[in-house]
Amino acid sequence: MLAVAERLFSERGYASVTLRDIADELGIRQASLYHHAPEGKEQIFVEVTERHLFRLRRELEEVARAAEPNLAAQLRVIAMTLLDHPPIDLTRMTLSDMPEIDEEKARYLTSLVFHSLIEPIMEVFTQARSRSELRTAEQYDPLLAVSFFTTIETIHIGEQYARMPAEEMAEVMIEVMRRGVSASAEY
């Protein structure tokens with residue numbers, strides 16, 4: 001049930017998915033879903049989002065830890081891991097999904113997004129700074145991490161317009177982040 005619900009919420013967003021949609025995909029009666037999720041659709045949404053984010057955080061931490069200890073290598077494995085998953089539409093999630101659910105649960109999921117997606121990338125920037133690979137102030141790590149995450153996520157969309165493979169676009173964006181726009185012009 002959770003896998004089906006996760007796919008539907010990912011494709012359509014919280015507001016566009018009904019319990020009937022989930023039940024129909026599973027070939028069960030809608031009332032049967034309440035046995036698994038007595039609180040209904042919102043409970044299912046929170047569970048699948050939580051499950052997905054925990055899984056993704058583990059993956060991001062594992063690949064970063066296994067990569068060569070340099071900024072480019074760690075950003076590369078994080079980018080490839082993100083590209084291996086369907087995009088997480090944070091804009092839709094923030095502007096459409098979260099306002100539809102209980103405020104406390106929305107705050108929890110928002111903090112979980114930060115903890116699961118942004119913190120592992122921030123850690124890569126922190127490590128790079130400790131190796132003197134990065135000269136930005138630590139206060140910019142959240143901005144760098146969010147910028148990197150959203151840039152990689154939009155590659156799913158940009159691939160059709162840039163006429164360049166996703167992996168190549170990720171490499172270009174990593175170089176831009178590492179060296180800056182003007183230093184990356186010849187890349």
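Modeller: Before we start, helices are DSSP runs of H or I with at least four residues, strands are DSSP runs of E with at least two, and both are numbered from the N terminus.

Colleague: Okay, how many helices and strands does the protein chain have?

Modeller: The protein chain has nine helices and zero strands. Keep in mind that this is a predicted model, where local features need pLDDT of at least 70, side-chain atom pairs count only at pLDDT 80 or more, and totals for chains, interfaces and linings use all residues. Residues are numbered from 1 along each chain as its sequence is written, and side-chain values use heavy atoms, with hydrogens and water left out.

Colleague: What box do the C-alpha atoms fill?

Modeller: Roughly 60 × 35 × 30 Å, taken along the principal axes.

Colleague: And what percentage of the residues is buried?

Modeller: Of the 187 residues in the protein chain, 41% are buried. Buried means under 20% relative accessible area, exposed means over 50%, and partly exposed is in between, using a 1.4 Å probe and protein chains only.

Colleague: Let's talk rings. How many aromatic pairs are there?

Modeller: The count is three aromatic pairs. Rings of Phe, Tyr and Trp (its six-membered ring) pair if their centres lie within 6.5 Å; planes under 30 degrees apart are stacked, over 60 edge-to-face, and the rest tilted.

Colleague: Where in the chain are phenylalanine 9 and phenylalanine 45?

Modeller: Phenylalanine 9 is in helix H1 (residues 2-12) and phenylalanine 45 is in helix H4 (residues 41-66), so the pair links distant parts of the chain, 36 residues apart.

Colleague: What about the rings of tyrosine 14 and phenylalanine 45?

Modeller: Their centres are 4.9 Å apart with planes at 65 degrees, so that pair is edge-to-face. Tyrosine 14 belongs to the loop between H1 and helix H2 (19-26), 31 residues from phenylalanine 45. Ring pairs link Phe9, Tyr14 and Phe45 into a cluster.

Colleague: Is tyrosine 14 buried or exposed?

Modeller: Tyrosine 14 is buried, with a relative accessible area of 7%, and phenylalanine 45 is buried at 3%.

Colleague: What lies over the face of tyrosine 14?

Modeller: Lysine 41 does, at 4.2 Å from the ring centre. A charge sits over a ring if NZ of Lys or CZ of Arg is within 6 Å of the ring centre and within 35 degrees of the ring normal.

Colleague: Moving to H2, which residues are buried there?

Modeller: Leu19, Ile22 and Ala23 are the buried residues of H2. They cover an arc of only 95 degrees around the axis, which puts them on the same side of H2. That arc is taken from the directions from the helix axis to the C-beta atoms. As a general point, an α-helix has 3.6 residues a turn, so residues three or four places apart point the same way.

Colleague: What covers the buried residues of H2?

Modeller: The cover includes H1, helix H3 (30-36) and H4.

Colleague: Now the nonpolar core. How many residues does the largest one have?

Modeller: The largest nonpolar core has 53 residues, and those with the most contacts inside it are Phe9, Ile22 and Leu117. H7 gives the largest share of this core, 11 residues. A nonpolar core is a set of buried Ala, Val, Leu, Ile, Met, Phe, Trp, Tyr and Cys residues joined through side-chain atoms within 4.5 Å.

Colleague: What does leucine 117 touch?

Modeller: Leucine 117 touches Leu53, Leu56, Leu60, Ile88, Leu112 and Phe149, not counting residues up to four places away in sequence. Contact means heavy atoms within 4.5 Å.

Colleague: Where does helix H8 bend?

Modeller: Helix H8 (residues 141-162) bends by about 55 degrees at histidine 156. The bend at a residue is the angle between axes fitted to the seven residues ending there and the seven starting there. After H8 comes arginine 163, whose phi is positive, near 55 degrees.

Colleague: Last one: is glutamate 6 buried or exposed?

Modeller: Glutamate 6 in helix H1 counts as buried at 16% relative accessibility. Glutamate 6 touches Val48, Arg51, His52 and Arg55, again leaving out residues up to four places away in sequence.
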